[in-house]
Amino acid sequence: MLNKKLEILQKRDNGESASTDAEDVLNEGNTISHSVALQSVETLLDYMGQRGFDYGDITAVRKICVDIQQEMNKQQKQRRIIDFLQPSMLKAASSDQLVPSFAEPIQNVTVAAGREVVLPCVVDNLGTYRVAWIHTDKHTLLTLHDRVITRNTRYSISHNSYRTWWLTIKDVEESDKGEFMCQINTSPMMSQSGYLDVVVPPKIDEENTSSDTDVREGGDVSLRCSATGSPSPKIKWRREDQKDIPAGLKLGSGMHGEYLNISKVSRLHMGAYLCIASNGVQPSVSKRIMLNVNFAPMIWIPNQLVGAPLDTEVVLDCGLESHPKSVTYWTREGGIMILSNSKYNSMLIDSGTYKSKMNLRIRDLKPEDYGAYTCVAKNSLGETEGTIKLYEIPRPTSTSSPAPQYTSKMSKTDGAQQTTSEKMLISTWKNSLVKDENDSARKAELSTELLEKESTVGGIAAAAASDHEFRESGGERKESRRRLNKGHSGAPGQIYFAPFMIIGSSLLLLLLLR
């Protein structure tokens with residue numbers, strides 16, 4: 001090894017060029033010498049440690065040795081590049097050989113990570129000179145003429161009759177970004193550079209991004225979305241259901257940025273949020289974050305009074321809002337829980353993330369079914385209840401009217417809530433009042449007629465017959481109105497007072513004849 005090194009050095013002194021293999025021998029020898037020297041220092045430090053020298057001093061010396069080794073490796077690499085690129089023959093400089101030149105500049109290139117890129121270096125009149133590719137930012141020699149120096153298998157070199165030299169990089173990584181230099185070993189050295197920019201699609205940083213979040217209603221919440229990529233991605237927030245994010249954002253926050261801060265959270269904020277990361281490099285990515293707002297159950301009752309006739313069925317409704325989901329049930333007076341069976345059917349119908357409806361269907365109503373019904377909801381944050389009063393109403397007597405629908409929907413008349421059946425009864429009552437006014441006018445006419453005709457027997461008899469007819473029809477209307485007021489039909493075979501009225505009229509006629 002020593003003889004070879006002496007032979008190479010002697011050739012250099014004589015102005016002769018050494019082969020690349022010979023250069024490797026020199027550098028390998030230098031590396032071995034450096035390693036032996038450092039190994040000797042390490043042995044000395046071990047000995048000092050065994051002899052009780054201060055451990056802190058030994059550690060400091062070890063660090064200095066590491067720094068020295070790194071510096072020597074760096075200097076060795078730079079020396080190899082410089083030695084190789086120096087003119088191989090001094091005689092060539094004085095000859096009539098044409099000087100090499102770059103035919104065109106190296107263009108800056110932008111490529112997405114994972115793709116392949118080719119950097120061209122076009123040289124005219126290269127002659128016996130050589131071309132090298134160097135990663136300037138890393139101070140790394142990549143290729144020497146048609147030989148790949150770097151151990152990275154993604155790099156390769158090719159040429160077209162020694163004029164165009166293509167440096168190919170497969171499966172480009174972000175670490176490949178930087179300045180690439182094409183050099184010719186002239187004296188002085190000739191070089192030109194091009195910049196490779198590597199863009200990376202955005203990627204959500206799961207470790208620094210919020211997951212599904214639960215918050216108590218009225219509190220504050222901060223959602224975070226972090227993403228990596230080159231250039232740095234921009235973050236945008238939106239709701240998955242495309243609805244606008246309700247008011248309540250903290251000052252300085254908004255729909256853009258790494259953080260989405262919401263103060264005084266309400267149930268309206270509940271839902272799925274998407275953070276979308278984009279940097280102009282496809283594809284954009286997003287992360288779904290579910291915001292759950294927890295609160296005690298709340299019940300509202302659309303109709304607290306519900307009327308229905310016997311032998312029909314009715315549905316009672318209670319609206320419910322709660323999160324987390326509540327345990328729901330119905331009770332009768334006295335706290336007796338109602339179970340679903342052939343008589344009752346209890347249902348819970350979801351109508352949103354936190355909204356639902358409690359339904360209780362009661363079939364074949366009997367007198368004992370009327371009374372108060374209570375809907376109850378409980379969750380981990382509290383409980384609530386609401387009561388509905390079910391009462392009996394008569395069936396409609398008109399056969400021409402359509403069959404009434406007994407639901408819990410109510411209309412308002414003069415500030416009072418009434419069912420469809422009650423509205424029909426009120427209409428019948430109003431018609432009866434109109435008839436009463438007509439009857440009063442008819443009664444006055446009969447009184448006048450009786451006074452005018454009392455001088456004659458025929459007139460008295462006619463007046464008596466007219467009065468009897470009026471009283472009979474009026475009595476029937478009064479009885480009908482009484483039935484409507486009491487809400488039930490009269491008993492069959494009921495006796496009216498019309499015969500007694502006929503007898504009274506006859507006696508009055510006899511007195512007048514005397």
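This is a predicted model: local features need pLDDT of at least 70, side-chain atom pairs count only at pLDDT 80 or more; totals for chains, interfaces and linings use all residues.
## Disulfides in outline

When the bonded cysteines of the protein chain are numbered in sequence order, they pair as 1-2, 3-4, 5-6. A disulfide is a covalent bond between the sulfur atoms of two cysteines.

## The link of Cys 121 and Cys 182

Cys 121 is joined to Cys 182 by a disulfide with an S to S distance of 2.0 Å, and the link is left-handed, with -80° about the S-S bond. The pair connects distant parts of the chain, since Cys 121 belongs to strand 3 and Cys 182 to strand 9, 61 residues apart.

Cys 121 has a relative accessible area of 0% and is therefore buried, and Cys 182 likewise counts as buried because its relative accessibility is 0%. Cys 121 is also one of the residues in contact with Trp 165 when neighbours of Trp 165 within four places in sequence are left aside.

## The link of Cys 225 and Cys 275

Cys 225 and Cys 275 form a disulfide in which the sulfur atoms are 2.1 Å apart; with 60° about the S-S bond, this link is right-handed. Here too the pair links distant parts of the chain, with Cys 225 in the loop between strand 12 (221–224) and strand 13 (227–230) and Cys 275 in strand 16 (residues 271–278), 50 residues apart. Cys 225 counts as buried because its relative accessibility is 0%, and Cys 275, with a relative accessible area of 0%, is buried as well.

## The link of Cys 318 and Cys 375

The sulfur atoms of Cys 318 and Cys 375 lie 2.1 Å apart and form a disulfide, which is left-handed, with -85° about the S-S bond. Cys 318 lies in strand 19 (residues 314–323) and Cys 375 in strand 24, so the pair ties together parts of the chain that are 57 residues apart in sequence. Both Cys 318 and Cys 375 are buried.

Strand 24, which holds Cys 375, spans residues 371–379, and Cys 375 counts as buried because its relative accessibility is 0%. Leaving aside neighbours within four places in sequence, Cys 375 is in contact with Ile 299, Cys 318, Tyr 329, Trp 330, Met 358, Thr 384, Glu 385 and Gly 386. Thr 331 is 44 residues from Cys 375 in sequence, while the C-alpha atoms of Cys 375 and Thr 331 are 6.6 Å apart in space.

An open sheet is formed by 4 strands in the order 1-3-8-7, with antiparallel pairing. Its edge strands are strand 1 (101–104) and strand 7 (155–160), each of which pairs on one side only. On average, and with direction ignored, neighbouring strands of this sheet are turned by 30° against each other.

Within the sheet, strand 3 (residues 117–124) pairs with strand 8 (residues 164–169) in the antiparallel sense over 6 bridges. In one of the bridges, Val 118 has Thr 168 of strand 8 as its partner.

## Nonpolar cores

The largest nonpolar core comprises 22 residues, and those with the most contacts inside it are Trp 133, Trp 165 and Phe 180. The elements giving two or more residues to this core are strand 3, strand 4 (131–135), strand 7, strand 8, strand 9 (178–184) and strand 10 (190–204). Strand 3 gives the most to this core, with 4 residues. Apart from this core lies another, of 21 residues, among them Leu 316, Leu 320, Leu 360 and Ile 388.

Which residues surround Trp 165, neighbours within four places in sequence left aside, as contacts? They are Leu 119, Pro 120, Cys 121, Val 123, Leu 126, Val 131, Trp 133, His 145, Asp 146, Ile 157, Ser 158 and His 159.

## Gln 192 in strand 10

Gln 192 has its place in strand 10 and is buried, with a relative accessible area of 14%; the cut-off for the term is under 20%. A polar atom of the Gln 192 side chain lies 3.1 Å from the backbone oxygen of Glu 104.

With neighbours within four places in sequence left aside, the contacts of Gln 192 are Phe 102, Glu 104, Pro 105, Ile 106, Cys 121, Phe 180, Met 181 and Cys 182.

Note on methods:
Residues are numbered from 1 along each chain as its sequence is written. Side-chain values use heavy atoms; hydrogens and water are left out. Buried means under 20% relative accessible area, exposed over 50%, partly exposed in between (1.4 Å probe, protein chains only). Contact means heavy atoms within 4.5 Å. Two strands pair if DSSP finds at least two bridges between them. Axes are lines fitted to C-alpha atoms, for helices over the stretch in contact, and angles run from 0 to 180 degrees between N-to-C directions. A nonpolar core is a set of buried Ala, Val, Leu, Ile, Met, Phe, Trp, Tyr and Cys residues joined through side-chain atoms within 4.5 Å. A disulfide is a pair of cysteine sulfur atoms within 2.5 Å. A polar contact is a pair of N or O atoms within 3.5 Å; within protein, one must be able to donate a hydrogen and the other to accept it, and residues adjacent in sequence count only if both atoms are side-chain atoms.
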